Amino acid sequence: MRTPLPLRLAALAIATSLTLLSACSTDQFWNIGQAWQRDHCMKLQDQQDRSRCLADMTRSRDDYERQAEGLRRAKP
């Protein structure tokens, strides 16, 4: 039996909080997020969805930061 989503999200929130308290660097946060997303992608049953998910997560942290900055600047 799978763990209910709210329970998994609560566990993720607790783990994230503990990680924050342990003073991880932003690179470590990025790596944790990438691992979590990769795990999520691999659980997808549909091959196309899985491939799309994995392709979306292949961008580098620098590319992500540039895109996020561009979006922040575009907001009025």
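What you see is a predicted model, where local features need pLDDT of at least 70, side-chain atom pairs count only at pLDDT 80 or more, and totals for chains, interfaces and linings use all residues. Residues are numbered from 1 along each chain as its sequence is written, and side-chain values use heavy atoms, with hydrogens and water left out.

Let's start with the second largest pocket, which holds about 260 Å³ of space. A pocket here is an open set of points on a 1 Å grid over the protein atoms alone, where a 1.4 Å probe fits, with protein on both sides within 12 Å along at least five of seven lines; its lining residues have an atom within 4 Å of a point. The volume is the space filled by probe spheres set on the points, which are joined across faces, edges and corners.

Thirteen residues line this pocket, and Trp30, Gly33, Gln34, Gln37 and Tyr64 lie nearest its centre. Two helices, α2 (26-43) and α4 (61-74), each give two or more residues to the lining; helices are DSSP runs of H or I, at least four residues, numbered from the N terminus. The biggest share comes from α2, with seven residues.

Now stay with α2 and look for Cys41. This cysteine is joined to Cys53 by a disulfide, S to S 1.9 Å (the cut-off is a pair of cysteine sulfur atoms within 2.5 Å). Cys41 sits in helix α2 and Cys53 in helix α3 (residues 47-56), 12 residues apart. The link is left-handed, with -70° about the S-S bond. Cys41 counts as buried because its relative accessible area is 0%, and Cys53 is buried too, at 12%; buried means under 20% with a 1.4 Å probe, protein chains only.

Technical notes. Buried < 20%, exposed > 50% of the residue type's maximum accessible area, 1.4 Å probe, protein only.
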